[in-house]
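Subject: Structure handover

Hi,

Here is the structure for you to look over. My notes on what turned up follow below it.

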Amino acid sequence: MNKKMQGIILAAGKSTRFNTGKTKLLEKLCGQEMVIYITKLLARLQIQTTVVVGYQKDDVINTITHHHGDTITCVTQNEQRGTGDALLCTQSRWHATDLLILNGDIPLITDDIIENLYKEHCIAQATISFVTAHHPESTTSTYGRVIQDGTSSKIVEAADIDESIDDNCCINAGIYIINRSFLENYITQLNSNNTKNELYITDLVRIASENGLTVVTAKAPFDYIRGINTFQELWAAEQIKKTELIKYWMKHDV
């Protein structure tokens, strides 16, 4: 990957659905902390990375430092006011042409998904590019839905979904590439007029679309972008990762 892109990992949330009092980002998947799968992926792609921390930030920072030394910087979101606010916390660190922004709870994501998204972003000279997937259980999904009407695009967060779009199974994976100049000009337009009273990164898609700017999507298999919000989802992801590891070593005659 070229140096025109920098990475931002969102890792400040409280992980309330785990009900353990601990951040889910340090839960282990096949022996490695969830968030470290993301940091190592960006390190492989040679993308300079900033991690937004908040809840139990000292533990998260210590874990990242253990694996990466001082090659990754961390920024604190003092109050968890949504993904848009988390991104705002990093504004003083923005320097690249494009920002790759992704959630810290998608440990199965692959290099190919990021590389394909960046390819589509460059081909279209897009303002915003993001990953979508097909979810087989749309009516029970906790993922935001992607709504496209002609050239207009928007993402509706799960908490704000109504019956009119409840059967839409195209979901937002929480992986974005956003042009920095667009962010600098438009991020102040985010508002908390929603169910959670939070600032959503997803609203930037609507803002870009309403201003006639190019928004593109890249599809990925659901299994590789699945987020981890419960122990059941952690267990499911671990089975997928175990299968990958077994296949890898069998191909190498083990």
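Q32 touches E27, Y37 and K40, leaving out residues up to four places away in sequence. Contact here means heavy atoms within 4.5 Å. Q32 sits in strand 3 (residues 32–33). Helices (H or I, at least four residues) and strands (E, at least two) are DSSP runs, numbered from the N terminus. Q32 is buried, at a relative accessible area of 15%. Buried means under 20% relative accessible area, exposed over 50%, and partly exposed in between (1.4 Å probe, protein chains only).

Some ground rules. This is a predicted model: local features need pLDDT of at least 70, side-chain atom pairs count only at pLDDT 80 or more, and totals for chains, interfaces and linings use all residues. Residues are numbered from 1 along each chain as its sequence is written, and side-chain values use heavy atoms, with hydrogens and water left out.

**Helix 8**

The 21 residues of helix 8 should span 30 Å at 1.5 Å a residue, and its end C-alpha atoms are 30 Å apart, which agrees. The expected span is 1.5 Å times one less than the number of residues. Its buried residues are L234, A236, A237, I240 and K241. They cover an arc of only 165° around the axis, so they lie on the same side of helix 8. That arc is taken from the directions from the helix axis to the C-beta atoms. The buried residues pack against strand 2 (28–29), helix 1 (34–44) and helix 7 (222–225). The face turned away from the buried side carries exposed Q232, W235, I246 and M250.

**Positive phi**

Most residues other than glycine have a negative phi. D253 has a positive one, near 65°. D253 lies in the segment after helix 8 (231–251), and is exposed at 73% relative accessible area. N197 also has a positive phi, of about 55°, and is not a glycine. N197 lies in the loop between helix 5 (180–186) and helix 6 (203–210). N197 is exposed, at 54%.

**Cores**

The largest nonpolar core has 45 residues; L100, L102, I109, V131, I175 and I225 touch the most other members. Helix 1 gives the largest share of this core, seven residues. Another core, of 27 residues, lies apart from it, and includes I8, Y186, L199 and A208. A nonpolar core is a set of buried Ala, Val, Leu, Ile, Met, Phe, Trp, Tyr and Cys residues joined through side-chain atoms within 4.5 Å.

Best wishes
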